[in-house]
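Please keep the sequence and the coordinates at hand while reading.

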Amino acid sequence: MLSSDFANLASEAERMVTFGADWLHMDIMDGYVPDFAKLFCCAYFHFVPNLTIGAPVIESLRKHTKAYLDCHLMVTNPLDYVDQLGKAGASGFTFHVEVSKDNWQELVKKIKSKGMRPGVALNPGTPIEEVFPLLEGENPVEMVLVMTVEPGFGGQKFMPDMMNKVRTLREKYPTLDIEVDGGLGPSTIDAAAAAGANCIVAGSSVFGAPEPAQVISLLRTSVNKAQKTC
C-alpha cells in the first residue's frame, strides 16, 4: 500500500481487495533523524530513511476493511510497536532480524499474545542463515520476508540474486510461507515463483498499471503454476 494514494487509503484498500488482492501490505518505517542527533545520541538512530504510517493509520483503516493487514515493521525497536498495532487491528507483524537478534523470542511471544501472526524479514545483505534459529526455536515465526530491494522506498529494481535465499528456504522448510518484497511485477514474478515464494508484495507494478486487476491475476497465476510443478 506504500504506492497507493494515501489521501484515499480506505478506497484504495477496497479497490485492491476487489481486484483480487489477498492481503494489504502495510510498510511501517521509522525514518532517519538528522546526522547531528545520531552523532550525539545513538538511541535516536532509526532503521530506514523514510517515514511512513503508524498504528493510528492501521486503526483507521481497520474500520473500513476486513482484509488481512500484513504489517512490515522497518523500525529499530519493534517490541515498542506490538501493543499499539495489536490494539489497532493488525493481522500480521513482521519484524527485521537485524534489530531483533537479542530479543526475538520475547517479541514473537508478545506478537502472538496480541492475536497477530509473527514473521521475520531480512535485508539483501543479511545471510539467510540468520533466520534459521527463528524458524527452529521453541516459539517460531510463521513467515519469512525476503527483501529483494533495500528497505526504505518503493519503486526500486528487483535483485534477482536474492532468489537464492528463497530457494534455500523452500528446500529447507517446504511448508513455510515465504514472502518477497521489492520490484515484483510481470517481468520478475516468474523468477520469484520458481524459487518458491508464495506471498508476493507488489506496489508500483500494481498501482501504476492501467489494469491493476490483470497484474494481480498474472502474479497469482505464476505462483499457482510454480507450486503445482514442485
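Tyr173 is buried, with a relative accessible area of 13%, where buried means under 20% relative accessible area, exposed means over 50%, and partly exposed lies in between, using a 1.4 Å probe and protein chains only. The model is predicted, so local features need pLDDT of at least 70 and side-chain atom pairs count only at pLDDT 80 or more, while totals for chains, interfaces and linings use all residues. Residues are numbered from 1 along each chain as its sequence is written, and side-chain values use heavy atoms, with hydrogens and water left out.

**Surroundings of Tyr173**

- Tyr173 is placed in the loop between α7 and β6, the helices (H or I, at least four residues) and strands (E, at least two) being DSSP runs numbered from the N terminus.
- Leaving aside residues up to four places away in sequence, Tyr173 touches Phe132, Leu135 and Glu136, a contact being heavy atoms within 4.5 Å.
- Although Tyr173 and Leu135 are 38 residues apart along the chain, their C-alpha atoms are separated by 8.8 Å.

**Aromatic pairs and a charge over a ring**

- The structure holds two aromatic pairs, counted when the centres of Phe, Tyr or Trp rings (for Trp, its six-membered ring) lie within 6.5 Å, with planes under 30 degrees apart called stacked, over 60 edge-to-face and the rest tilted.
- The rings of Trp23 and Tyr68 have centres 4.4 Å apart and planes at 20°, so this pair is stacked.
- That pair links distant parts of the chain, with Trp23 in strand β1 (residues 23–29) and Tyr68 in strand β2 (residues 68–74), 45 residues apart.
- Trp23 counts as partly exposed at 27% relative accessibility, and Tyr68 is likewise partly exposed at 22%.
- For Phe132 and Tyr173 the ring centres are 6.0 Å apart and the planes lie at 65°, so the pair is edge-to-face.
- Phe132 belongs to helix α6 (residues 132–136) and Tyr173 to the loop between α7 (163–172) and β6 (177–181), so the pair ties together parts that are 41 residues apart in sequence.
- Phe132 counts as buried, at 14% relative accessibility.
- The charged end of Lys172 sits over the ring of Phe132, 5.1 Å from its centre, the criterion being NZ of Lys or CZ of Arg within 6 Å of the ring centre and within 35 degrees of the ring normal.

**Nonpolar core**

- Of the 61 residues in the largest nonpolar core, Met26, Ile58, Phe95, Val131 and Leu169 touch the most other members, a core being a set of buried Ala, Val, Leu, Ile, Met, Phe, Trp, Tyr and Cys residues joined through side-chain atoms within 4.5 Å.
- Helix α10 (residues 212–228) gives the most to this core, with five residues.
- Val131 touches Val97, Val120, Leu122, Val144 and Leu169, when residues up to four places away in sequence are not counted.
- In soluble globular proteins, nonpolar side chains tend to be buried together.

**Salt bridges**

- The count comes to eight salt bridges, each being a side-chain nitrogen of Lys or Arg within 4 Å of a carboxyl oxygen of Asp or Glu.
- Asp83, Lys110 and Lys114 are linked in a network of salt bridges.
- Within it, Lys110 and Asp83 have their closest N and O atoms 3.3 Å apart, and since Lys110 lies in helix α5 (residues 104–113) and Asp83 in helix α4 (residues 82–88), the pair ties together parts that are 27 residues apart in sequence.
- Asp83 also bridges to Lys114, with the closest N and O atoms 3.3 Å apart; Lys114 lies in the loop between α5 and β4 (117–122), so this pair ties together parts that are 31 residues apart in sequence.
- The side chains of Lys101 and Glu130 meet in a salt bridge at 3.0 Å, N to O.
- Lys101 lies in the loop between β3 (92–96) and α5, and Glu130 in the loop between β4 and α6, so the pair ties together parts that are 29 residues apart in sequence.

**The chain as a whole**

- The chain has 10 helices and seven strands, and of its 230 residues 47% count as buried.
- Among contacts in the chain with a separation of 6 or more, residues 24 or more positions apart account for 64%.
- The accessible surface of the chain comes to about 11,200 Å², of which 53% belongs to carbon and sulfur atoms, with areas from the Shrake-Rupley method using a 1.4 Å probe and, for residues, only the protein chains shown counting as cover.
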